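User: Hi! Could you walk me through a structure I have open? I'll be asking as I go.

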Amino acid sequence: MKKRLIAILLVLVLALSLAACGSSTTGNEPAAQSTSQGADQQPATATADPVEITFWHSYSEGEEKIFNDTVLTAFAAQHPEIKVNAIRMPYEGLDEQLITAVSGDAAPDVIRMQFMLEDEQQVAMAGAGMIPVTASAMAKIDTSASPYVAVYMEQLKTAEARIPCSSWPTIETILNTAFESVLRGQASSQEALDNAAAQIDELLAQE
């Protein structure tokens, strides 16, 4: 449940990032930490205690205002069951703070982390147990202590992004069912894949 809600938030964060591209301000300015919640951000109605999501960012003051006034307001109106605790973090040293938070099981649910795609940060985060996301960083990581990371890195060589398709949730269910049938010994790998492919082809033909 929470992962799905986080994904929704990430879409809205991207919307802010696109809007900020046309702004003269930048998101790389050092800033004192502050909680970014305006008084008018609260949803009008809520039927139960909201799910709380902590979001770290290092937006500039101008970007932070756009995020609070536009993105969070729209999000709260559509999802009153979710409360976003947006926290403005100092840009300098944010990578170290994240690694410390992850090690202490206190990491935020969401973080704006484009700046953390450099190899040095990726390698450091891998040392704290996080999975790297860039091929260049993977070549510099010792996977002896984390075998699952080695498997992930190997699979990533042939992985492809999810297709832009409105039927993807159904496709994912078909694929998961096929994988499970193999693990349970109900079908061979080829049989499961052939069956899944037939179902997916039929589904796409209807679009």
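User: Great. What kind of model is this?

Analyst: This is a predicted model.

User: Okay, how many salt bridges does the structure hold?

Analyst: There are three salt bridges. One of them pairs E64 with R88, with 3.4 Å between the closest N and O atoms.

User: Which parts does that E64 and R88 pair tie together?

Analyst: E64 sits in helix α2 (residues 61-78) and R88 in strand β3 (residues 82-88), so the bridge links parts that are 24 residues apart in sequence.

User: Are E64 and R88 buried or exposed?

Analyst: Both E64 and R88 are buried.

User: And which residue does D69 meet in a salt bridge?

Analyst: D69 meets K65, at 2.6 Å from N to O. The two residues are both in helix α2, four residues apart, or about one turn of the helix.

User: How does K65 count, buried or exposed? What about D69?

Analyst: K65 has 54% relative accessibility, so it counts as exposed. D69 has 37%, so D69 counts as partly exposed.

User: Moving on, what is the N to O distance for R184 and E180?

Analyst: Their side chains form a salt bridge at 2.7 Å. R184 is exposed, with a relative accessible area of 57%, and E180 counts as partly exposed at 40% relative accessibility.

User: Now helix α7. How far apart are its end C-alpha atoms?

Analyst: They are 22 Å apart, which agrees with the 22 Å that the 16 residues of α7 (residues 168-183) should span at 1.5 Å a residue.

User: Which residues of α7 are buried?

Analyst: W168, I171, I174, A178 and S181 are buried. They cover an arc of only 145° around the axis, which puts them on the same side of α7.

User: And what is exposed on the other side?

Analyst: P169, T177 and L183 are exposed there.

User: Last topic: the second largest pocket. What lines it?

Analyst: The lining is made of Q155, T158, A159, E160, A161, R162, I163 and W168. W168 is also among the buried residues of α7.

User: How much space lies in that second largest pocket, and how do its lining residues divide?

Analyst: The second largest pocket holds about 230 Å³ of space. Its lining residues divide into four nonpolar, two polar and two charged.

Methods. Residues numbered from 1 in each chain as written. Predicted model: local features only at pLDDT ≥ 70, side-chain atom pairs only at ≥ 80, totals over all residues. Heavy atoms only, no water. 1 Å grid on protein atoms, 1.4 Å probe; cavity = no way out; pocket = protein on both sides within 12 Å on 5 of 7 lines; lining within 4 Å. Points joined across faces, edges and corners; volume = space filled by probe spheres on them. Nonpolar A, V, L, I, M, F, W, Y, C, P; charged D, E, K, R; others polar. Salt bridge = Lys/Arg side-chain N within 4 Å of Asp/Glu carboxyl O. Buried < 20%, exposed > 50% of the residue type's maximum accessible area, 1.4 Å probe, protein only. Expected span 1.5 Å × (residues − 1). Arc of directions from axis to C-beta.
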